[in-house]
Amino acid sequence: WLALMTQPAVLLGQETTPEKPSALKAAAAAADRILIAVPDHRPAKDGKVDVPPGGRFAIEVESELRGTGNKSVLIINGGEANQYPKYVNGKQYVFLLKRNPNGKGWVNLGNREIPIKDGKVQWIVDGKVVEEVPLPEFEEFAAATIEAVDGKTPRRDTLTGNWVLVRNDSG
């Protein structure tokens with residue numbers, strides 16, 4: 001009896017272990033627009049895109065996971081002076097973007113790059129991969145977290161106002 005009584009307790013202890021929340025998915029949930037794109041920064045040295053925060057560079061969009069727009073996008077790099085995303089021209093990355101509150105364009109969220117390697121989206125902290133999500137799963141998540149837009153719907157079933165119906169049977 002003792003063996004039977006202790007086993008369920010062990011199983012219950014294993015079931016209640018909370019799963020660590022995904023930092024990548026939390027960051028993606030905050031974005032207005034999510035793109036899979038490659039940097040296309042012409043002045044890059046040796047293909048390395050090292051644009052400080054607030055600087056602009058172009059990306060070529062390969063896939064739009066959330067939001068719509070042009071196939072070539074000029075974005076404002078995010079981050080801080082000591083930690084900001086650095087890219088390599090021609091390599092695929094996920095870009096999490098917000099509308100620029102100071103005018104036109106898009107601002108890159110976060111202070112790190114999000115590469116796609118071997119079909120997986122990688123979340124990198126201090127140069128080490130701390131989280132990997134298969135690309136199809138990430139695409140599904142990005143599409144599922146789109147918030148419904150409050151559409152302008154009529155409050156009535158019929159149009160209001162004075163209407164005149166003109167009918168002409170001749171001609």
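Me: How many aromatic pairs does the structure hold?
Reply: The model is a predicted one. A pair of aromatic rings is described by the distance of the centres and the angle of the planes. In this structure the number of aromatic pairs is four.

Me: Is the pair of tyrosine 87 and phenylalanine 95 stacked, tilted or edge-to-face?
Reply: The ring centres of tyrosine 87 and phenylalanine 95 lie 5.1 Å apart, and their planes meet at 35°. Planes under 30 degrees apart count as stacked and those over 60 as edge-to-face, with the rest counted as tilted. The angle of 35° falls between these limits, so the pair is tilted.

Me: Is tyrosine 87 buried or exposed?
Reply: A residue is buried under 20% relative accessible area and exposed over 50%. Tyrosine 87 has a relative accessible area of 3%, so this residue is buried.

Me: Which residues form one aromatic cluster?
Reply: Tyrosine 93 and phenylalanine 95 make an edge-to-face pair, 6.3 Å centre to centre with 65° between the planes. Both tyrosine 93 and phenylalanine 95 are buried. The aromatic cluster consists of Phe57, Tyr87, Tyr93 and Phe95.

Me: In what order do the three strands of the open sheet stand?
Reply: Strand 8 (116-117) and strand 10 (128-134) are the edge strands, each pairing on one side only. Strand 9 (residues 120-125) is joined to strand 8 by two bridges, and strand 9 pairs with strand 10 over six bridges. The pairing is antiparallel, and the order is 8-9-10.

Me: Which residue in the turn between strand 9 and strand 10 has a positive phi?
Reply: Strand 9 and strand 10 form a hairpin, with two residues between them. Valine 125 stands opposite lysine 128 in strand 10. In the turn, a positive phi of about 55° belongs to aspartate 126.

Me: What angle does the direction of helix 3 make with that of strand 10?
Reply: Helix 3 (residues 135-144) packs on the sheet and touches strand 8, strand 9 and strand 10. The angle between the direction of helix 3 and that of strand 10 is about 75°.

Me: Which element gives the most to the largest nonpolar core?
Reply: This core has 17 residues, and Val94 and Phe138 are among those that touch the most other members. At least two residues each come from helix 2 (23-29), strand 1 (33-39), strand 6 (93-99), strand 9 and helix 3. With four residues, the element that gives the most is helix 3.

Definitions and conventions: Residues are numbered from 1 along each chain as its sequence is written. This is a predicted model: local features need pLDDT of at least 70, side-chain atom pairs count only at pLDDT 80 or more; totals for chains, interfaces and linings use all residues. Side-chain values use heavy atoms; hydrogens and water are left out. Two strands pair if DSSP finds at least two bridges between them. Contact means heavy atoms within 4.5 Å. Axes are lines fitted to C-alpha atoms, for helices over the stretch in contact, and angles run from 0 to 180 degrees between N-to-C directions. A nonpolar core is a set of buried Ala, Val, Leu, Ile, Met, Phe, Trp, Tyr and Cys residues joined through side-chain atoms within 4.5 Å. Buried means under 20% relative accessible area, exposed over 50%, partly exposed in between (1.4 Å probe, protein chains only). Rings of Phe, Tyr and Trp (its six-membered ring) pair if their centres lie within 6.5 Å; planes under 30 degrees apart count as stacked, over 60 as edge-to-face and the rest as tilted.
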